[in-house]
Amino acid sequence: MSSGASWCIASPTASQTALQVALDYACGYGGSDCSAIQPGGSCYNPNSIRDHASYAFNKYYQKNPIPNSCNFGGTAVIISTNPNFGVIGGYKSDT
């Protein structure tokens, strides 16, 4: 990975079940502030496990920007292209 900007998002190959477990970890023990992906939050939509997991994974990764902090049991990947993050740093997909 280059020294440029990077983001941590949900792996496109991860199962919904594995993503939910990792999302629960990131928003719980991992300490990510996931209030924006709660109902009514600024990054709640799109409302999918993959989008919410990407938000939580990246929040955690940006606080701990080392490669090992973007793993989440193999459900996350580091990318170097901005995946269109929202105003407060949350993940929003192009819909």
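Read along the sequence, this chain runs β-α-α-β. That is two helices and two strands, where helices (H or I, at least four residues) and strands (E, at least two) are DSSP runs numbered from the N terminus. The model is predicted, so local features need pLDDT of at least 70 and side-chain atom pairs count only at pLDDT 80 or more, while totals for chains, interfaces and linings use all residues. Residues are numbered from 1 along each chain as its sequence is written, and side-chain values use heavy atoms, with hydrogens and water left out.

Some totals for the chain. Of its 95 residues, 41% are buried. Buried means under 20% relative accessible area, exposed over 50%, and partly exposed in between, with a 1.4 Å probe and protein chains only. The accessible surface is about 5200 Å², by the Shrake-Rupley method with a 1.4 Å probe, and for residues only the protein chains shown count as cover. Carbon and sulfur atoms hold 53% of that surface. A contact here means heavy atoms within 4.5 Å. Among contacts with a separation of 6 or more, 70% are between residues 24 or more positions apart.

Now the start of the chain. Ser6 sits in the segment before strand E1, which covers 7–10. Is Ser6 buried or exposed? Ser6 is buried, because its relative accessible area is 13%. Its side chain makes a polar contact of 2.7 Å with the side chain of Tyr61. A polar contact is a pair of N or O atoms within 3.5 Å; within protein, one must be able to donate a hydrogen and the other to accept it, and residues adjacent in sequence count only if both atoms are side-chain atoms. Trp7 is in strand E1 and is also buried, at 15% relative accessible area. Its C-alpha atom is 9.1 Å from that of Lys59, 52 residues apart along the chain.

Next, the helices. Two packed helices are described by the angle between their axes and the distance between the axes. How do H1 and H2 pack, and at what angle? H1, residues 16–27, and H2, residues 49–63, pack at about 35° with axes 9 Å apart. The axes are lines fitted to C-alpha atoms, for helices over the stretch in contact, and angles run from 0 to 180 degrees between N-to-C directions. From H1, the residues in contact include Leu19, Leu23 and Ala26, and from H2 they include Ile49, Ala53 and Phe57. The residues of this contact divide into nine nonpolar, three polar and one charged. Nonpolar covers Ala, Val, Leu, Ile, Met, Phe, Trp, Tyr, Cys and Pro; charged covers Asp, Glu, Lys and Arg; the others, Gly among them, are polar.

Between H1 and H2 there is a loop that holds Gln38. Gln38 is partly exposed, because its relative accessible area is 41%. A polar atom of its side chain lies 3.4 Å from the backbone oxygen of Cys34.

Last, two backbone points. Most residues other than glycine have a negative phi, and most peptide bonds are trans. Phe72 is not a glycine, yet has a positive phi of about 50°. Phe72 is in the loop between H2 and strand E2, 76–79, and counts as buried at 13% relative accessibility.
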